[in-house]
Amino acid sequence: MIIFDQVSKVYPTGNTVLENVSFHIEPGEFVILTGPSGAGKTTIGRLLIRDLTPSGGDIKVGDWTLGKIKSGEISQLRRHVGVVFQDYKIIPDKTVFENISLALEIVDYPEKQIDERVKHLLELVGIPEKGELFPIQLSGGELQRAAIARAIVSEPKVLFADEPTGNLDEATGRDIYQLLRAIHSLGTTVIMSTHNQSFLDPGNRHIHLEKGKIISDTASSSKHHKESKHKK
Amino acid sequence: MNTALKNIRRSPYQALAAVSMTGLTVFVVTIFALVSLASQITLQSFETKPQVIAYLKDNHKTDQVGQLIKDLDSTGLVKSATYVSKQEALEIYKKSVGNDPLLLGSVTDLGIITADVLPASVEITAKSPDNFSTIVSILERSEIVSTTPKGKKEIDFPQDIVAELTAWTRAIRTAGIILIAILCFNSIITIMIIISMKIASRRLEIGTMKLLGAKGGFIIKPYLFESILYGAVGGIIGWLGSYIAILYSTPFLAVRLAGIILLPVQFPLMLALLAALIIFFSLLGLISGLLAAARFIKR
């Protein structure tokens, strides 16, 4: 479970990017964060993996309360939350295979099984023949798939995908979205940030942010709707 | 290990700088270690020989000699004091000149040298060259020690040689230690700077690894391997250079140090030195790597 409780984030420059943001995400949910640039979507992702610390409020991820987390536990938290970065953060002088296997080496995955696991992931994300290529040799969509493979290879409980379709054409973006849905169907909690409204399927929970505030959250409205129905 | 080797391949000139600096240090360490060992052996060789010889009057009596030796022993400064009779002196003389008829006097107008010509003596080995003055003062007071026509007691002691040798040995050791300390410091700084530069140049990669959940130990491990490799390879190269230099200079040194040091230097000794150097300089590399990593971890 992920809980954001009255979370604010003000950068040292004085720029407020999040203001009293609260939401709960249950395990196994598929949540889409939308909002214009600067709304605070990326900040939420960075707060989730303790790359940033909140200026106010508290965040819980699983058993960790991020305000009280020990520095030695941050690496454990980051293994629990996979992130697909907006700029991919694929290491340029490592092959796709090496980039993905790095995430397994970090979690001390048995060395003999790394090869098999990476090949399986390359199959899953649809680039089985690209393992030995370097990032520069890949297209945007392939790079995004490699980044997703790296994020989920160590089987994190939560996957945060930051604008995974932002740099892609619509068809490729749709493929990536379907890939994330497939990963979600395997039991992973997925949070996907996007400004593309076409992914707002009625089945998805949708949180809309503007200027660091939650404007709408379909989960709270449905909960509110359910609660009012119950009262009646 | 593979990552460390890859890092070295990517920046061969930095690796060369680290290895050559360490190699130079090892070269100097090896040479100074051997010079220090040689000077110590030379000094010991001088110290084990009789250092003070007092020549006795012909009319000395055995009990007088016994008393003199007793007096010397009672000071506690003497390792050994031995009486050498005229006959024994002749044997020593013969042994030192061999069968040279010229030196034996058989072809000179002096006639064949006999025991009567040579004086009896007391040969003393001191525990330390610092004790010479006390020993000599006891001998000077003795009535049985012969006197030159000028009234000076006939006492030989190579105080200057041993004192000089001791001083030189100490000076070489001190200079060596200072030089080695400076070079070791330079090696540490060189490896540290190179590893720091490599860490800095891969900051983005390291940042990504951190975001993926890598712990500090996982991130710095290849850099520590790399710095240990610099130390170990530098150690081997420096040792090899010094061994070649020693072998090259052996013919020159063997003649001058005959009877004191056995040359060429024994290979097992050099192998033991190589093992010690590899261990020491690997540790030095590890320290350098840790210092560089500590700066990165603090950030």
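Start with burial in chain A: buried residues account for 41% of its 232 residues. Keep in mind that this is a predicted model. Colour chain A by secondary structure and you will find seven helices and 10 strands. Now draw its contacts. Of those between residues at least 6 apart in sequence, 68% join residues at least 24 apart.

**Stop 1: a helix pair in chain A**

Select residues 96–106 of chain A, helix H3, and residues 140–152, helix H5. Their axes are 7 Å apart, and the helices pack at an angle of about 25°. Angles under 35 degrees count as roughly parallel, and H3(A) and H5(A) are therefore roughly parallel to each other. Their crossing is right-handed.

Show the side chains next. H3(A) brings A:Val96, A:Asn99, A:Ile100 and A:Ala103 to the contact. H5(A) answers with A:Ala146, A:Ala149 and A:Arg150. Sorted by class, this contact of H3(A) with H5(A) has five nonpolar residues, one polar and one charged.

**Stop 2: where the chains touch**

Show both chains. The contact between them takes 11 residues from chain A and nine from chain B. Which helix gives the most to the side of chain B that touches chain A? Select residues 203–211 of chain B: this is helix H8, and it gives four residues. The whole side of chain B that touches chain A has five nonpolar, two polar and two charged residues.

**Stop 3: the sheet in chain B**

In chain B, four strands form an open sheet, ordered S2-S3-S1-S4, with antiparallel pairing. Select the edges: strand S2 (78–84) and strand S4 (155–156) of chain B. Each edge strand has a single partner strand, so one side of each is left without a neighbour in the sheet.

Zoom in on S2(B) and strand S3 (residues 121–126) of chain B. The two run antiparallel and are joined by six bridges. For one residue pair, pick B:Ala81: its bridge partner in S3(B) is B:Ile124.

**Stop 4: helices on that sheet**

Methods:
Residues numbered from 1 in each chain as written. Chains lettered and ligands numbered in written order. Predicted model: local features only at pLDDT ≥ 70, side-chain atom pairs only at ≥ 80, totals over all residues. Buried ≥ 20, exposed ≤ 12 C-beta atoms within 10 Å, placed from the backbone. Contact = placed C-beta atoms within 7 Å. Nonpolar A, V, L, I, M, F, W, Y, C, P; charged D, E, K, R; others polar. Pairing = 2+ DSSP bridges. Axes fitted to C-alpha atoms, helices over the stretch in contact; angles between N-to-C directions. Parallel < 35°, antiparallel > 145°, perpendicular 65-115°, else oblique. Left-handed = near helix turned anticlockwise from the far one by under 90°.
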